[in-house]
Amino acid sequence: MSTTNSATAAWLTQEAFDRLKAELDHLSGPGRADIVQKIEAARQEGDLKENGGYHAAKEEQGKIEARIRQLTALLRDAHVGEAPADDGIVEPGMLVVAKIAGDEETFLLGSREIAGDSDLDVFSEKSPLGSAIVGHKEGDKLSYTAPNGKDITVEIISATPYVG
């Protein structure tokens, strides 16, 4: 397990780390072997310029290789640990309920990878909203400047550790 506290590190639960490591292992091994077989089978079909199966397999290979690079970097730099303390203070790994510009929203602060297949909204702690609310607690009211230049008001309603 690789952990670091650098500014670029994503916080991951042990479960998320294990799930992503299993995905990486599959893509790096059987996933790569499968796509190589698909490419070879399509190559046998003849003229590569007009071979849709070949081009589709090569595109799939590119996506697999990109995902392998993404997972490798994420896992190499990840900060793996326990869920944050249930103290109402906003930090990565927290499920946050906040009133943003008057609308109540619920989202996870951290990496999209922590949420897995859920349809939960996720904001990075490095995003304008994320960096504005980190360290604040339930009841705090603040504002931040959005990328479009508008000031957005935020009220933290609750912050609890995310349990995926």
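The expected span of a helix is taken as 1.5 Å times one less than its number of residues, and helices (H or I, at least four residues) and strands (E, at least two) are DSSP runs, numbered from the N terminus. The views show a predicted model, in which local features need pLDDT of at least 70 and side-chain atom pairs count only at pLDDT 80 or more, while totals for chains, interfaces and linings use all residues. Residues are numbered from 1 along each chain as its sequence is written, and side-chain values use heavy atoms, with hydrogens and water left out.

View 1. The mean pLDDT (the predictor's confidence in each residue, from 0 to 100) of the protein is 85, and 93% of the residues reach 70 or more. Over residues 1–7, pLDDT stays under 50, and the model has 16 contacts for this stretch beyond four places in sequence, a contact meaning heavy atoms within 4.5 Å. Where pLDDT is low, the predicted coordinates should not be read in detail.

**View 2. Helix 2 and the elements that cover its buried residues.** The 26 residues of helix 2 should span 38 Å at 1.5 Å a residue, and the end C-alpha atoms of this helix are 38 Å apart, which agrees. Buried residues (under 20% relative accessible area, with exposed over 50% and partly exposed in between, for a 1.4 Å probe and protein chains only) in helix 2 are Tyr54, Ala57, Ile64, Arg67, Ile68, Leu71, Leu74 and Leu75. Their cover includes strand 1, helix 1 and helix 3.

**View 3. Helix 1 and its bend at Gly31.** Helix 1 comprises residues 14–43, and its 30 residues should span 44 Å at 1.5 Å a residue, against 41 Å between its end C-alpha atoms, which agrees. The helix bends by about 40 degrees at Gly31, where the bend is the angle between axes fitted to the seven residues ending there and the seven starting there. Gly31 is also one of the buried residues of helix 1, among them Phe17, Leu20, Leu24, Ile35 and Ile39. The buried residues of helix 1 pack against strand 1 (11–12), helix 2 (52–77), strand 2 (79–80) and helix 3 (112–115).

View 4. Strand 3 (residues 94–100) runs antiparallel to strand 7 and is joined to it by 7 bridges, with Ala98 opposite Ile156 in strand 7.

View 5. Strand 6 pairs with strand 7 (residues 151–161) in the antiparallel sense over 5 bridges. Ser143 stands opposite Thr153, and Leu142 has Val154 as its bridge partner in strand 7. The hairpin has 5 residues between its two strands, and Gly149 in the turn has a positive phi of about 95 degrees.

**View 6. Two loop residues, Ala101 and Ser127.** Ala101 lies in the loop between strand 3 and strand 4 (103–109) and, leaving aside neighbours within four places in sequence, is in contact with Ile152 and Thr153. Ser127, in the loop between strand 5 and helix 4 (128–133), is buried, with a relative accessible area of 16%.

Note on methods. Pairing = 2+ DSSP bridges.
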